[in-house]
Every structure is written in C-alpha cells, then in structure tokens.
Amino acid sequence: MSEQSIREATTSTESLSRNEKEIDERDQNNLENITTLQVTGPPPAFDPLKKIKEGFNHFKINDFNKNTAYYRKLAEKDEPKFLIFACSDSRVCPANVLNLRPGEAFVNRNIANMVPVSNKAKYCEIGAIIKYAIAVKKVEAILVMGHSRCGGINRLVSLPDKQTSSDFVDEWVSLGKAAKKKVLAKNPKASGEQLRTLVEKESVMGSLANLLSYPLVKTGVANKKIKLIGGYYDFVKGNFDILGTRS
Ligand SMILES: [Zn+2]
C-alpha cells in the first residue's frame, strides 16, 4: 500500500469512526426521547364509564362494606343537620372540605353558591330545596360556602352594570350584583383579585340575607331552630373562615 493509500485509508477509517459515533449519539438521543415519551407521554383517553366503575368499587370495598350498620341505619332514616349551598366548582366539594359523611348534609351546588331572594316565579328549585330541607329533613343549620378564585364571581365582576344578557351564566351570576355594588361603594379603588375576593365574601353575606326572605327560614331563625352561617374556603391558602352568622 502506497503512503497515499495508507493516508486515504486512515482518513476513511477516522471518518467512519466519526460517523459511527454520530450515529451512536443520535441513537442515544432517540432512545432518551422515546423513554421521555413513555414516562411523560399523553395520558390515556378519559373513559368516564371506567372511572365511575372503579370509583364506585373503591367506595364499596373501602367504605360501604366496612360500615354496613351505618349505611343500614341511613337507609331507614336520613336526618342531615346541615343544608349547604356551595359552588359547582369541582375544587370545593363540601363533603370533602368539611369531612362530612353521607347523611350529614343536604346540599345544593350552583355557580357561585348563590341564594336568590324568594321568588315563586323564578329560581323555584332553590325554594323547593329550602322548603324540603326545613320541612322534611328538619335541618338545624344553613351554610352558604363561598370560595377563592370563583369563576362565577369573576364573571359577575366583569359584567357591565347595565348588562341585559339572556346568557344562562350571566343571568344567574347577576344575582350577586348587589354584593358587587356594595363592595365597590366601600372600596372604589379595588380591582383584580382583591376585588374578586371581596365580592366572593360579600356575596355570601348577601345570600344569608336573601335566605331570610323564605318564610320557613325566617321563622326557623326567629324561633332559634335554625342557624345561618356564612363560610369562605380559600383553597390557595388552605383556610376556612366563618364570615358571619345569624341566629
Ligand atoms: Zn365558584
């Protein structure tokens, strides 16, 4: 082999080695990408029926089957002490937040935990819930539970004063208009999260006042058989505050 051939062969071998090295590095990178995909890849598609089945099985095995006497008694008699109005927000389930067992609370959940003024022509489901809870279930306390970062209150705060929207959500959250007005009158410079938090709390107090427009509530409070409680769950700080009571 001539000197030139040896040089060419050496160069060719070096080039091959470099190529192999590059291929190795590429393979390694690809492998890492595949591994990453396997670990953090997209979650499996949501299967609601599977979730329901698994969730109920968990409850049946870990709770229902272990507390047969409790559930047998509950099947015969349901006497919850609480009526609770809470938001539909998935983060504020009162049973979860307040550690309530089945049988302890009659619950209504709606956007922004509103209780409108008694009106037989409108919002009659709220009237029906209140009547049933007091007349049949004999509840002794009514809790209105507001919460932090409420989407419904956020919508209320952003609504123009003279909105006449027929949108379902806008019309519903407008029930809190008086609370918003009251907060802005006291805090004209409030804005952003501070304003929303103030309205979230004032709206709870407004709902407590509205509850008294239902005759059964008014009588129950006057007779000291029902206590009204305004509460506020802050899931950012992990706090629960009592805003006020009426009894
Ligand atoms: Zn909410």
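Predicted model: local features only at pLDDT ≥ 70, side-chain atom pairs only at ≥ 80, totals over all residues.
Helix H5, residues 124-136, packs against helix H10, residues 215-222, with the two axes 9 Å apart and at an angle of about 40°. That angle lies between the 35 degrees below which a pair counts as roughly parallel and the 65 degrees at which roughly perpendicular begins, so H5 and H10 are oblique to each other. On the H5 side, the residues that take part are Ile130, Lys131, Ile134 and Ala135; they meet Leu216, Val217 and Gly220 of H10. By class, the residues of this contact comprise 5 nonpolar, 1 polar and 1 charged.

The mean pLDDT is 89, and 83% of the residues reach 70 or more. Over residues 9-13, pLDDT stays under 50, and for this stretch the model has 0 contacts beyond four places in sequence.

The chain as a whole has 10 helices and 5 strands. Of its 247 residues, 25% are buried. Taking contacts between residues at least 6 apart in sequence, 64% join residues that are at least 24 apart.

The largest nonpolar core has 38 residues, and Ile84 and Ile142 are the ones with the most contacts inside it. Several elements each supply at least two residues of this core: the strands E1 (82-87), E2 (105-110), E3 (141-147) and E4 (227-234), and the helices H5, H6 (151-158), H8 (177-186) and H9. The largest share, 6 residues, comes from E1.

What does isoleucine 84 touch, apart from its neighbours within four places in sequence? The contacts of isoleucine 84 are Pro94, Ala105, Val107, Leu143 and Met145.

Is glutamate 193 buried or exposed? A residue with 12 or fewer C-beta neighbours within 10 Å is classed as exposed; glutamate 193 has 12 and therefore counts as exposed. Asparagine 154 is 39 residues away from glutamate 193 in sequence, while the C-alpha to C-alpha distance between them is 8.9 Å.

Definitions and conventions. Residues numbered from 1 in each chain as written. Buried ≥ 20, exposed ≤ 12 C-beta atoms within 10 Å, placed from the backbone. Axes fitted to C-alpha atoms, helices over the stretch in contact; angles between N-to-C directions. Helix = DSSP H or I, 4+ residues; strand = E, 2+ residues; numbered from the N terminus. Parallel < 35°, antiparallel > 145°, perpendicular 65-115°, else oblique. Contact = placed C-beta atoms within 7 Å. Nonpolar A, V, L, I, M, F, W, Y, C, P; charged D, E, K, R; others polar. pLDDT = per-residue confidence, 0-100. Core = buried A, V, L, I, M, F, W, Y, C linked by C-beta atoms within 7 Å.
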